[in-house]
Amino acid sequence: MDNSSWMQAALAQAALALEHGDVPVGAVVVDLATGAIVARAHNARERDHDPTAHAEILALQAAAQQAGTWHLTGHALVATLEPCLMCAGAAWAARIERIVFGAADPKAGAAGSLYNFAVDPRLNHQTEVVAGVRAQECGDLLTDFFQSRRHRS
């Protein structure tokens, strides 16, 4: 599999968030040696009443459980939206080697848009960032979600 295929799996997760009124963001964690997706998640903040229930955090937690360690060296985090500071920080703490994202987030993105946490040389670990994978699809999903919410108000 490749970045585009992994993003397709993240997009499928993002669609699941719509079922419970969450912002449609999906994430998968990939074992880079095998290309296998080892964890999948979508936003669950509304469903779980948890401000930390971002897709990336939930996917990283599931991957760590599956691996039996919090060290996720050799893994990639693939998300439909550029990770925020919390999620980029969690990827850093897990020693994720690559972050792949679709839509940029100029208001809260921490992998190049607003902040560039993933490659900050002051940290003891930097992460490769691949931006813009299937960006149009990822962005359209978010745009449609927010437009539908504005029309209901």
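**Figure 1. Glu137 and its salt bridge with Arg134 in the predicted model.** Glu137 is partly exposed because its relative accessibility is 38%, where partly exposed lies between buried (under 20% relative accessible area) and exposed (over 50%), with a 1.4 Å probe and protein chains only. Arg134, at 24%, is also partly exposed. The two side chains meet in a salt bridge, with N and O 2.7 Å apart; the term requires a side-chain nitrogen of Lys or Arg within 4 Å of a carboxyl oxygen of Asp or Glu. Side chains of opposite charge can pair when their charged atoms come close. The count by this rule is four salt bridges.

This is a predicted model, in which local features need pLDDT of at least 70 and side-chain atom pairs count only at pLDDT 80 or more, while totals for chains, interfaces and linings use all residues. Residues are numbered from 1 along each chain as its sequence is written, and side-chain values use heavy atoms, with hydrogens and water left out.

**Figure 2. The salt bridge between Arg98 and Glu128.** The closest N and O atoms of this pair are 3.2 Å apart. The pair links distant parts of the chain, 30 residues apart: Arg98 lies in strand E4 (residues 98-103) and Glu128 in strand E5 (residues 128-130). Strands (E, at least two residues) and helices (H or I, at least four) are DSSP runs, numbered from the N terminus. Glu128 has a relative accessible area of 43% and is therefore partly exposed.

**Figure 3. The salt bridge between Arg47 and Asp48.** In this pair, the closest N and O atoms are 2.8 Å apart. Arg47 is partly exposed at 43% relative accessibility, and Asp48 is partly exposed at 37%.

**Figure 4. The largest pocket and its lining.** A pocket is an open set of points on a 1 Å grid over the protein atoms alone, where a 1.4 Å probe fits, with protein on both sides within 12 Å along at least five of seven lines; lining residues have an atom within 4 Å of a point. The volume, about 520 Å³, is the space filled by probe spheres set on the points, which are joined across faces, edges and corners. Of the 23 lining residues, Val23, Leu81, Asp105, Leu142 and Phe146 are the closest to the centre of the pocket. Helix H5 (residues 135-152) gives the most to the lining, with six residues.
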